Amino acid sequence: LGYGFAYIIPYTIVCMLSSAYCLHRFRMEAKQGGASDIVEAEDEVKDDKSKTENNSFNEASFIPVDLSFSNLCYDVKASKGSDKLRLLKNVSGVFSSGRLCALMGESGAGKTTL
């Protein structure tokens, strides 16, 4: 146990000092001619926009829709026997566009089946 600390503490100090030296010595600096970098980036963005405009599957093709249901029942065949299990019994709800909906339940409740 004593030898472990005798090796770990100096090793940690050496690693910290070497990383501090490397961070100080080999610092990454931004290029001085930043304006040309911005122009190149704007050109890339324009190219990306023209590619998405040509694509028929873009954001304009999505129409927000609200989904509502009432008195919904869902039966599945039981794994043992010929009985049916009712997973949902007279459930009502609304899924609004732009809102997150979570399906929660305990293990084996049928979340994957739904």
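So, the nonpolar surface patch: Phe5, Ile9, Ile13, Met16 and Leu17 make one of about 530 Å². Patch members here have over 30% relative accessible area and no salt bridge, with nonpolar side chains (Val, Leu, Ile, Met, Phe, Trp, Tyr) joined within 5 Å. Areas are Shrake-Rupley, with a 1.4 Å probe, and for residues only the protein chains shown count as cover.

Keep in mind that this is a predicted model, where local features need pLDDT of at least 70, side-chain atom pairs count only at pLDDT 80 or more, and totals for chains, interfaces and linings use all residues. Numbering runs from 1 along each chain as its sequence is written, and side-chain values use heavy atoms, leaving out hydrogens and water.

Back to Met16, which sits in helix H1, residues 2-25; helices are DSSP runs of at least four residues, strands of at least two, numbered from the N terminus. Met16 counts as exposed, at 54% relative accessibility. The cut-offs: buried is under 20%, exposed over 50%, partly exposed in between.

Next, charges. How many salt bridges does the whole structure hold? One, with a Lys or Arg side-chain nitrogen within 4 Å of an Asp or Glu carboxyl oxygen as the test. Arg86 pairs with Asp75, closest N and O atoms 2.8 Å apart.

Last, cysteines. Disulfides, meaning cysteine sulfur pairs within 2.5 Å: zero. Cys15 is partly exposed at 31%, and Cys101 is partly exposed too, at 48%.

Terms used
Buried means under 20% relative accessible area, exposed over 50%, partly exposed in between (1.4 Å probe, protein chains only). Patches are made of residues with over 30% relative accessible area and no salt bridge: like charges are joined within 9 Å, nonpolar side chains (Val, Leu, Ile, Met, Phe, Trp, Tyr) within 5 Å.
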